[in-house]
Amino acid sequence: MAVTVHTALYWAACGFFAAALVAALVRPQRSEAIVRLLACGLALQAASAIARWTVTGHPPVFGTFENTIAASWAVALTTAVLVARMKERAHPLLVRLMLGWVVAILAYGQAFDKTPYPLTISERSLFIDIHVLFAWTAFSMLVLAGTAGFVRLAERNAERSAELDSLIVRGVGLGFAAFSAMMMVGSVYSYVLFADWYRWEIVGTTAFAAWLGYALTAHAYAMFGWRGRRIAWCVLALLPLVLAVFWSWSIMSNTYHHFDIPDIRAW
């Protein structure tokens, strides 16, 4: 019963997120309507996750499908806050692209197993829940920064450019802080499990590269006065690396971050 409820709520949430994207494409100036649609989608997505939680015994932290639920929710919340605070001043292209991320993440999750599994023994830890919370917070902020960087490079209006610059800086600052916390918690739990603080497999290596890239970007901003298009190019160049950090594990089984359980068929 709970699985059926989860599925119904999940698809209802997807419908509201898709409707928000359509509204942004057709009438981007109607910020209140976009926020209402996002709020409905967020509420339904949260209810969907809770319904699934009653079956699996854990929040949506296991496997690619569950992580697309968490990731899309984080990006949708970031977009809703952005539109609610800036209202008509929110850049139409930025809002459309952020909503496009939400829909793309949900679509990506459809390619993976949706079976509600309980956690493996090694994943039954508060460390994992905190690690994932910081992870998707960082992801949403860094996606916002990278997307704003893309829009900033195409923008010629001085006032809107200044607003985009501010979003980039705040996105990098908050995203870098959450990313650092994510790595710290993950490192501690790695030591608890394996007596090893860090592992240089695909996720660990790309995570360190991304962390260093954002640290250098923040340093260039604070110490060398980099602004505008320079910072925009930095965050845009780092965006593919962010996607590699947060999603490479879903398709590469040779990393200990890989948690998708393949179907086992009896012949």
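Contact here means heavy atoms within 4.5 Å. Keep that cut-off at hand for the selections below, and note that the model is predicted.

**Stop 1: F139 and the core**

Select F139 and show what surrounds it. Leaving out residues up to four places away in sequence, F139 touches A71, V75, I105, V242, L243, F246 and W247. F139 is also among the residues with the most contacts inside the largest nonpolar core, together with L94, W136, F179 and F246. That core has 70 residues.

Now colour by helix. Two or more core residues come from each of α1 (2-26), α2 (31-56), α3 (63-86), α4 (92-109), α5 (126-154), α6 (158-194), α7 and α8 (228-247). Which helix gives the largest share of this core? It is α5, with 13 residues. As background, nonpolar side chains in soluble globular proteins tend to be buried together.

**Stop 2: V242 in α8**

From F139, step to V242, one of its contacts. V242 lies in helix α8. Is V242 buried or exposed? V242 is buried, because its relative accessible area is 0% and the cut-off for buried is under 20%. Apart from neighbours within four places in sequence, V242 is in contact with F139, L142 and Y214. Next, draw a C-alpha to C-alpha distance from V242 to W136: the two are 11 Å apart in space and 106 residues apart in sequence.

**Stop 3: T68 in α3**

Select T68, which is in helix α3. Its relative accessibility is 0%, so T68 counts as buried. Beyond four places in sequence, T68 touches I105, L106, Y108, G109 and W247.

**Stop 4: S48 in α2**

Move to S48 in helix α2. S48 is another buried residue, at 0% relative accessibility. With residues up to four places away set aside, S48 touches H6, L9 and Y10.

**Stop 5: salt bridges**

How many salt bridges does a search of the whole structure find? The search finds 4; three of them are visited here, starting with R52 and E66.

- Select R52 and E66. Their side chains meet in a salt bridge at 2.7 Å, N to O. R52 is in helix α2 and E66 in helix α3, so this pair, 14 residues apart, links distant parts of the chain. Check the surface next: R52 counts as buried at 5% relative accessibility, and E66 counts as buried at 2%.
- Select D165 and R152. The closest N and O atoms of this salt bridge are 2.8 Å apart. Because D165 lies in helix α6 and R152 in helix α5, the pair ties together parts that are 13 residues apart in sequence. R152 counts as buried, at 11% relative accessibility.
- Select E32 and R36. This salt bridge has its closest N and O atoms 4.0 Å apart. Both residues are in helix α2, and they are separated by about one helical turn because they are 4 residues apart. E32 is exposed, with a relative accessible area of 55%.

**Stop 6: the cysteines**

Select C14 and C40. How many disulfides does the count give? The count comes to 0 disulfides. For C14, the nearest cysteine sulfur is that of C40, 14 Å away. Seen from C40, the nearest cysteine sulfur is that of C14, at 14 Å. What is the burial state of each cysteine? C14 counts as buried at 13% relative accessibility, whereas C40 counts as partly exposed at 35%.

**Stop 7: a nonpolar surface patch**

Select W200, F208, L212 and L216, which make a nonpolar surface patch of about 420 Å². Zoom in on F208, placed in helix α7 (residues 202-224). F208 is partly exposed, with a relative accessible area of 34%.

How values were computed. Residues are numbered from 1 along each chain as its sequence is written. This is a predicted model: local features need pLDDT of at least 70, side-chain atom pairs count only at pLDDT 80 or more; totals for chains, interfaces and linings use all residues. Side-chain values use heavy atoms; hydrogens and water are left out. A disulfide is a pair of cysteine sulfur atoms within 2.5 Å. Buried means under 20% relative accessible area, exposed over 50%, partly exposed in between (1.4 Å probe, protein chains only). Patches are made of residues with over 30% relative accessible area and no salt bridge: like charges are joined within 9 Å, nonpolar side chains (Val, Leu, Ile, Met, Phe, Trp, Tyr) within 5 Å. Accessible areas come from the Shrake-Rupley method with a 1.4 Å probe; for residues, only the protein chains shown count as cover. A nonpolar core is a set of buried Ala, Val, Leu, Ile, Met, Phe, Trp, Tyr and Cys residues joined through side-chain atoms within 4.5 Å.
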